[in-house]
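Open the model in your viewer and keep the sequence panel beside it. This tour goes from stop to stop, saying what to select and what is there.

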Amino acid sequence: MPKVILISQSPLPASKIASWTTLYKNYLEADHQIDIIICKKPELEFKTVKYYFIKDTFLSRIVSRFKKISHYNTLRALSKVVKNDENYIIQVVDNFKIIPNIKNLIIKKGIRRNCYIQFFYHGFAPFLENSKSLKFYEAVDEMVLLTNDSYKKHLGYYNTLPIRFSVLHNGIDTTNFFELGKIQKNDLRKKNNISGRVVFIWCSQDRPKKGLEFILDVWKRTFTNIKEMELLVIGSNRSLAIEGVRFIGRIPNNDLPRYYQSADVYLFPTLCQEGFGLSLIEALHCG
């Protein structure tokens with residue numbers, strides 16, 4: 001059996017909200033097949049995998065810039081991991097720039113035929129210009145997307161797709177995300193001090209494309225007419241004083257259900273083509 005190496009740009013497990021780190025957390029806490037994770041050191045570690053930690057130092061940044069090699073420390077770690085007499089599945093998540101360097105590394109070590117490179121893309125639309133795509137797709141063996149619609153989008157955009165495509169939907173832990181009965185929901189709303197109001201939730205990483213500025217602008221103009229409502233903002237560390245808005249901050253994924261379960265409306269004002277909104281599924285399962 002080949003060894004499976006996961007290359008992550010984030011520490012795993014990650015303690016905050018993000019769809020793909022949550023996906024891997026769920027997977028690595030179950031019956032998984034990953035042998036090695038190359039990433040920055042997390043606060044806690046999975047006990048069922050071997051780690052190779054990446055240290056981002058001033059010297060490594062200088063060497064990376066001098067040699068013009070993207071993700072130099074990650075490649076160094078990978079070079080130490082792979083052996084000439086073994087087979088590997090190398091999984092990379094959303095890190096486009098490192099792919100050509102991984103290809104060059106395994107060719108230089110004479111083990112390209114021993115390695116199967118999977119690229120997990122958690123966006124939706126094609127991310128490379130048509131003229132630049134062939135080199136990338138020739139460097140990987142399999143592209144894993146979140147939806148079949150994303151595959152159709154790629155198929156319609158690129159002239160050549162010389163690799164295997166697969167679809168792996170985001171999943172959630174339904175033992176954690178589920179709808180409460182009316183009595184339980186009312187009890188939870190009392191605990192969260194939101195009884196007697198219509199409760200809205202916005203939950204995401206605080207990036208411009210996620211639409212928080214849009215929602216806050218709409219809220220300021222709407223709240224003056226309807227006082228019996230509250231907006232919970234989760235995932236943003238802002239400390240603004242806006243009437244009717246409560247900023248919860250960044251919290252672990254496992255703490256989300258009690259907010260979903262006590263709310264009435266989930267807001268998803270994305271300003272981009274999302275791959276597969278994990279928070280949408282979480283909110284739907286919580287009713």
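**Stop 1**

Select Pro13, which lies in the loop between strand 1 and helix 1. Helices (H or I, at least four residues) and strands (E, at least two) are DSSP runs, numbered from the N terminus.

Two notes before going on. This is a predicted model, in which local features need pLDDT of at least 70 and side-chain atom pairs count only at pLDDT 80 or more, while totals for chains, interfaces and linings use all residues. Residues are numbered from 1 along each chain as its sequence is written, and side-chain values use heavy atoms, with hydrogens and water left out.

**Stop 2**

Seven of them form an open sheet with parallel pairing, in the order 3-2-1-4-5-6-7. Two strands pair if DSSP finds at least two bridges between them. At the edges are strand 3 (50-53) and strand 7 (164-167), each of which pairs on one side only. From one strand to the next, the twist averages 20°.

Select strand 4 and strand 5, which pair in the parallel sense over six bridges. Ile89 has Tyr116, in strand 5, as its bridge partner. Axes here are lines fitted to C-alpha atoms, for helices over the stretch in contact, and angles run from 0 to 180 degrees between N-to-C directions.

Then select helix 1 (residues 19-28), which lies across strand 1, strand 2, strand 4 and strand 5. Helix 1 runs at about 145° to strand 4.

Move to strand 6 and strand 7, a parallel pair with four bridges. The bridge partner of Leu145 is Val167, in strand 7. With helix 6 (residues 148-157), strand 6 and strand 7 make a right-handed β-α-β unit. Right-handed means that, with the strands pointing away from the viewer, the path from the first strand over the helix to the second runs clockwise.

**Stop 2: the cores**

Show side chains. A nonpolar core is a set of buried Ala, Val, Leu, Ile, Met, Phe, Trp, Tyr and Cys residues joined through side-chain atoms within 4.5 Å. Buried means under 20% relative accessible area, exposed over 50%, and partly exposed in between (1.4 Å probe, protein chains only).

The largest nonpolar core has 32 residues, and those with the most contacts inside it are Ile5, Ile7, Ile38, Leu78, Ile102 and Met143. Among the elements that each supply at least two residues of this core are strand 1 (3-7), helix 3 (72-81) and helix 5 (133-139). Helix 4 gives the most, with five residues.

Which residues does Leu78 touch, not counting those up to four places away in sequence? They are Ile5, Ile7, Ile38, Ile90, Ile102 and Leu105, where contact means heavy atoms within 4.5 Å. Apart from this core lies another, of 17 residues, including Ile251, Tyr259, Ala263 and Cys286.

**Stop 3: two cysteines**

Select Cys39 and Cys115. A disulfide is counted as a pair of cysteine sulfur atoms within 2.5 Å, and by this rule the count comes to zero. The cysteine sulfur closest to that of Cys39 is in Cys115, 19 Å away, so the two are too far apart for a bond. Cys39 counts as buried because its relative accessibility is 0%. Cys115, at 6%, is buried too.

**Stop 4: loops and a buried glutamate**

Select Asp94, in the loop between strand 4 and helix 4. Its phi is near 55°, a positive value in a residue other than glycine. Asp94 is partly exposed, with a relative accessible area of 24%.

Is Asn193 buried or exposed? At 58% relative accessibility, Asn193 counts as exposed. Its phi is near 60°, and its place is in the loop between helix 7 (182-191) and strand 8 (198-203).

Finish at Glu230, in strand 9 (residues 229-234). Glu230 counts as buried, at 7% relative accessibility. Beyond its neighbours within four places in sequence, the contacts of Glu230 include Arg197, Trp219 and Arg246.
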